[in-house]
Amino acid sequence: RLGKTYLGKEEIRKGAKAFFERFLDGRFENLKVVVAGDIGSFEWDFVATDASGKSVTTAGCDLLAFRGDKVVLKNAFRKVKS
């Protein structure tokens with residue numbers, strides 16, 4: 001399933017809110033952060049309860065680009081288990 005692009009503060013806030021409303025008990029675990037100059041990465045596990053009540057863990061990462069103290073690009077990737 002493809003992701004969605006959010007541009008601007010308001011769209012980003014709405015997208016984040018919709019995500020966490022979908023996964024009320026969702027939490028990020030095992031966060032590893034690396035920042036080098038104007039690039040950064042977050043590696044994480046997202047743990048939430050699915051519709052059947054089963055705990056599901058999804059591994060993923062975010063790749064970021066910074067300009068000054070602002071994030072100007074964020075790409076998120078997740079590993080889907082088959």
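The model is predicted, so local features require pLDDT of at least 70 and side-chain atom pairs count only at pLDDT 80 or more, while totals for chains, interfaces and linings use all residues. Residues are numbered from 1 along each chain as its sequence is written, and side-chain values use heavy atoms, with hydrogens and water left out. The chain has one helix and four strands, where helices (H or I, at least four residues) and strands (E, at least two) are DSSP runs numbered from the N terminus.

**Overall architecture**

- Along the sequence the elements follow the pattern α-β-β-β-β.
- Taken along the principal axes, the C-alpha atoms of the chain fill a box of roughly 45 × 25 × 20 Å.
- Of the 82 residues of the chain, 13% count as buried; buried means under 20% relative accessible area, exposed over 50%, and partly exposed in between (1.4 Å probe, protein chains only).

- The four strands form an open sheet in the order 1-2-3-4, with antiparallel pairing; two strands pair if DSSP finds at least two bridges between them.
- Strand 1 and strand 4 (70-79) stand at the edges with a single partner strand each, so one side of each is left without a neighbour in the sheet.
- Neighbouring strands of this sheet are turned by 20° against each other on average, direction ignored; the axes are lines fitted to C-alpha atoms, for helices over the stretch in contact, and angles run from 0 to 180 degrees between N-to-C directions.
- Strand 1 and strand 2 pair in the antiparallel sense over eight bridges.
- These two strands form a hairpin with two residues between them, and glycine 37 in the turn has a positive phi of about 65°.
- Within this pairing, valine 34 stands opposite serine 41 in strand 2, and phenylalanine 28 stands opposite phenylalanine 46 in strand 2.
- Strand 1 is hardly covered, since the count of buried residues among its ten residues is zero.

**Aromatic contacts**

- The structure holds seven aromatic pairs; rings of Phe, Tyr and Trp (its six-membered ring) pair if their centres lie within 6.5 Å, and planes under 30 degrees apart count as stacked, over 60 as edge-to-face and the rest as tilted.
- One of these pairs joins phenylalanine 19 and phenylalanine 23 in a tilted arrangement, at 5.1 Å centre to centre and with 55° between the planes.
- Phenylalanine 19 counts as partly exposed at 31% relative accessibility.
- Phenylalanine 23 also pairs with phenylalanine 46, edge-to-face, at 5.6 Å centre to centre and with 75° between the planes.
- This second pair links distant parts of the chain, 23 residues apart: phenylalanine 23 lies in the loop between helix 1 (9-22) and strand 1 (27-36), and phenylalanine 46 in strand 2 (residues 39-49).
- Phenylalanine 46 counts as buried, at 7% relative accessibility.
- Phenylalanine 28, found in strand 1, is partly exposed with a relative accessible area of 42%.
- One aromatic cluster is formed by Phe19, Phe20, Phe23, Phe28, Trp44 and Phe46.
- Phe19, Phe20 and Phe28 make a nonpolar surface patch of about 270 Å². Patches are made of residues with over 30% relative accessible area and no salt bridge, with like charges joined within 9 Å and nonpolar side chains (Val, Leu, Ile, Met, Phe, Trp, Tyr) within 5 Å. Accessible areas come from the Shrake-Rupley method with a 1.4 Å probe, and for residues only the protein chains shown count as cover.

**Salt bridges**

- A search of the whole structure finds four salt bridges, each a side-chain nitrogen of Lys or Arg within 4 Å of a carboxyl oxygen of Asp or Glu.
- In one of them, the side chains of arginine 13 and glutamate 10 meet at 3.2 Å, N to O; these residues are three apart in helix 1, about one helical turn.
- Arginine 13 is exposed, with a relative accessible area of 51%, and glutamate 10 likewise counts as exposed at 51% relative accessibility.
- Lysine 17 forms a salt bridge with glutamate 21, with the closest N and O atoms 3.4 Å apart; being four residues apart in helix 1, they too are separated by about one helical turn.
- Lysine 17 counts as exposed at 53% relative accessibility, whereas glutamate 21 counts as partly exposed at 48%.
- The side chains of lysine 74 and aspartate 62 meet in a salt bridge at 3.2 Å, N to O.
- Lysine 74 lies in strand 4 and aspartate 62 in strand 3 (residues 55-67), so the pair ties together parts that are twelve residues apart in sequence.
- Aspartate 62 counts as buried, at 9% relative accessibility.
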